[in-house]
Amino acid sequence: MTNRKLLLEHLDVPGIQGIDAYVKHGGYASLKKALQKMSPDEVVEEVKKSGLRGRGGAGFPTGLKWSFLAKPEGIPRYLVCNADESEPGTFKDRYLMEKIPHLLVEGMILSSYALGAKTSYIYIRGEFMYVLEILQNAINEAYAKGYLGKNIFGSGFDHDLVITPGGGAYICGEETALLESLEGKRGNPRIKPPFPAVKGLWASPTVVNNVESIAAVVPIVRDGGDAYASIGIGKSTGTKLVSACGNLERPGVYEIELGLSVEEFIYGDNYCRGIAKGKKLKACVPGGSSVPILPHHLVTKTAAGEQRLMTYESLADGGFQSGSMLGSGGFIVFDEDQCIVRNTWNFTRFYAHESCGQCSPCREGTGWMEKVLHRLETGKGHLRDIDLLADINKKIEGNTICPLGDAAAWPVAAAIRHFRDEFEWHVTHPEEAQIRNYGLIQQPLVA
Amino acid sequence: MKESKKVVTTEGTTQFSAELIAKMEEAKNCFPEGKEKSAILKILHLAQAEFGWLSVHSMDQIAEILRVEPIEVYEVATFYTMFHLEPVGKYVFEVCRTGPCMLVGSDQLIEYIGHKLNIGIGETTKDGLFTLKTAECLGGCGYGPLLQCRHRFHEHLTPEKIDSLIEQYQRGEIKPGAL
Ligand SMILES: Cc1cc2nc3c(=O)[nH]c(=O)nc-3n(C[C@H](O)[C@H](O)[C@H](O)COP(=O)(O)O)c2cc1C
Ligand code: SF4
């Protein structure tokens, strides 16, 4: 398989953070092309043709989303970039923004032109303050060159780009919570409809897109939507940034062509180079903490015995029974020493901590699951707790305002489905569970 | 657990300087007229960077600057985990404890830091220098274990690195990150 790079192609160019090196390597050529030779609708058309799917997690086709944007006369429209990146396992947007900030800046101006937005916003999580500074410098450079501001490239298109920090809340990655937060409020998700495309930021039509989705518009306009769509397999087109972490020999951010085999990604020399310290693969969460966990025998092959690929379809093959999701591309790998019960408890604690508290099933349900899982993890649980978890799960699923409830419920259900024996072991071996994980010894750093 | 030691900061010392107010006014200008409230998170970060935490007095001054009711500032400040609503040490170590970091040893690292500084989670050292907190996913999953302190990330941590990090902070060698 080839290994084309569309986003990180110039990663190693010295000074690529700055505008001069970026322009020297073809930067802002897409913007110039669009502003001088294409109408906004033609840009939207190329994005539709490219088959680009939202890189924030849901995988919704970007061109289609753009075509839903309401365009009433006399009301401003906005593009908002979701740089809140806080799904456990995901750190690709940070990497892209830090290394090649102008790619996002160019993508924002380009996409805003397509959408007819005079102002756009980047909402970046508060913890990434140093990335905010890098982006602000890039924005200032773009203003100085006339790529932002009035009459860009003599086209008559004006644009202002503003970047603003969050305050540390995972839920603000959910697009309507993000909009609330951007309006200076608590990050409580809104009830949909109305969708942001109709009533978004300050009740104006708004598109919210992930950092990587917006950056991908730059190569799409440069090469054309068809060229982009020629990479990948089926409805998984183009390249994807995957952030790999956990017990890997070489964790990090990789740009892959969609369609790469999972096996090659985990073990290949160009990618993660296998499990750290020569250990064995136990499980994998391939798309951020919200997606179902896969036990080792379902990671590189599907239940039907086919090779598992890094595509939206292949990772989901087998549905909830034996599949998972590509999600945000947060690829978490567990070695043979890791305890699934402990990890499930840890993730549930995360969701309980991050629930905004608006819906009782999510607020109470995540709290209860956390308590029950903690009880199991520390050897104080009962066998019936395992079914109790499944029951709480069902009561959350589908009964909440935003998908955080589901995101909290699914990983628990998947862990029990595939690792029930481990949950039961914690009940039947309470003493050992107190001092060791599933028969695995943890080395304390403090004696 | 060890007893919690709070640094006493009097309300009077959180009076905003003209310079700080000017920065806050500038943050407001990033947004359209009538939508200045959008700058609230940036402004809360500015106040916290100045005083280390957010007192009620700070929040009341922010309400005036934004021309909103004080409750609108309180409700926002209490929602977001980055804001400290009580006095904290000069250096707050927020160590990520979420899954991917746990897989590479954050639990043990948190224990080590607590042991080294002789404090529990949420506590401050007697000299008022360090506070230990845990945080949920900080978005550096491939570089763990990691912690953030004053808008800086410290990654790939080991006990040895923690030892030298603490010494560097004690000597005042690490400047705060961007803001
Ligand atoms: C709880 C929750 C957290 C989310 N966090 C993020 C995030 O950090 N970054 C992101 O781009 N999308 C996140 N999303 C998805 C967004 O709601 C939205 O679908 C996305 O930003 C759309 O952009 P895209 O179509 O380009 O992917 C999250 C969704 C939920 C429900
Ligand atoms: S599902 Fe959870 S996070 Fe989402 S709105 Fe309801 S309470 Fe808030």
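## A helix across a sheet in chain B

Let us begin with helix 6 of chain B, residues 106–117, which lies across strand 1, strand 2 and strand 3 of chain B. Helix 6 runs at about 155° to strand 1 of that chain. Please keep in mind throughout that this is a predicted model.

The sheet in chain B is open and is formed by four strands in the order 2-1-3-4, with mixed pairing. At its edges you will find strand 2 (130–135) and strand 4 (152–154) of chain B, each pairing on one side only. On average, neighbouring strands of this sheet are turned by 25° against each other, direction ignored. Strand 1 (residues 91–96) and strand 3 (residues 147–149) of chain B run antiparallel and are joined by two bridges. Here Val95(B) stands opposite Leu147(B) of strand 3.

Five bridges connect strand 1 (residues 78–83) of chain A with strand 4 of chain A, and the two run parallel. In this pair, Cys81(A) stands opposite Asn209(A) of strand 4.

## Around ligand 2

Next, find ligand 2, which sits in the second largest cavity. Of the 13 residues around ligand 2, those that come nearest are Cys356(A), Cys359(A), Cys362(A), Thr400(A) and Cys402(A). The shell around the ligand has eight nonpolar and five polar residues, with no charged ones.

## Backbone details to look for

Most residues other than glycine have a negative phi, and most peptide bonds are trans. With that in mind, look at the cis peptide bond joining Pro193(A) and Pro194(A), where omega is about 0°. Pro194(A) is in the loop between helix 8 (175–182) and strand 4 of chain A. In chain B, the peptide bond from Gly144(B) to Pro145(B) is cis as well, with omega near -10°. Pro145(B) belongs to the loop between strand 2 and strand 3 of chain B.

Finally, Lys277(A) has a positive phi, near 55°. You can find Lys277(A) in the loop between helix 11 (262–267) and strand 9 (281–285) of chain A.

Methods:
Residues are numbered from 1 along each chain as its sequence is written. Chains are lettered from A and ligands numbered from 1 in the order in which they are written. This is a predicted model: local features need pLDDT of at least 70, side-chain atom pairs count only at pLDDT 80 or more; totals for chains, interfaces and linings use all residues. Side-chain values use heavy atoms; hydrogens and water are left out. A residue is near a molecule or strand if one of its heavy atoms lies within 4 Å of it. On a 1 Å grid over the protein atoms alone, a cavity is a set of points where a 1.4 Å probe fits but cannot get out, and a pocket is an open set with protein on both sides within 12 Å along at least five of seven lines; lining residues have an atom within 4 Å of a point. A molecule sits in a cavity or pocket if more than half of its atoms lie within 2 Å of its grid points. Ala, Val, Leu, Ile, Met, Phe, Trp, Tyr, Cys and Pro count as nonpolar, Asp, Glu, Lys and Arg as charged, and the others, Gly among them, as polar. Two strands pair if DSSP finds at least two bridges between them. Axes are lines fitted to C-alpha atoms, for helices over the stretch in contact, and angles run from 0 to 180 degrees between N-to-C directions. Contact means heavy atoms within 4.5 Å.
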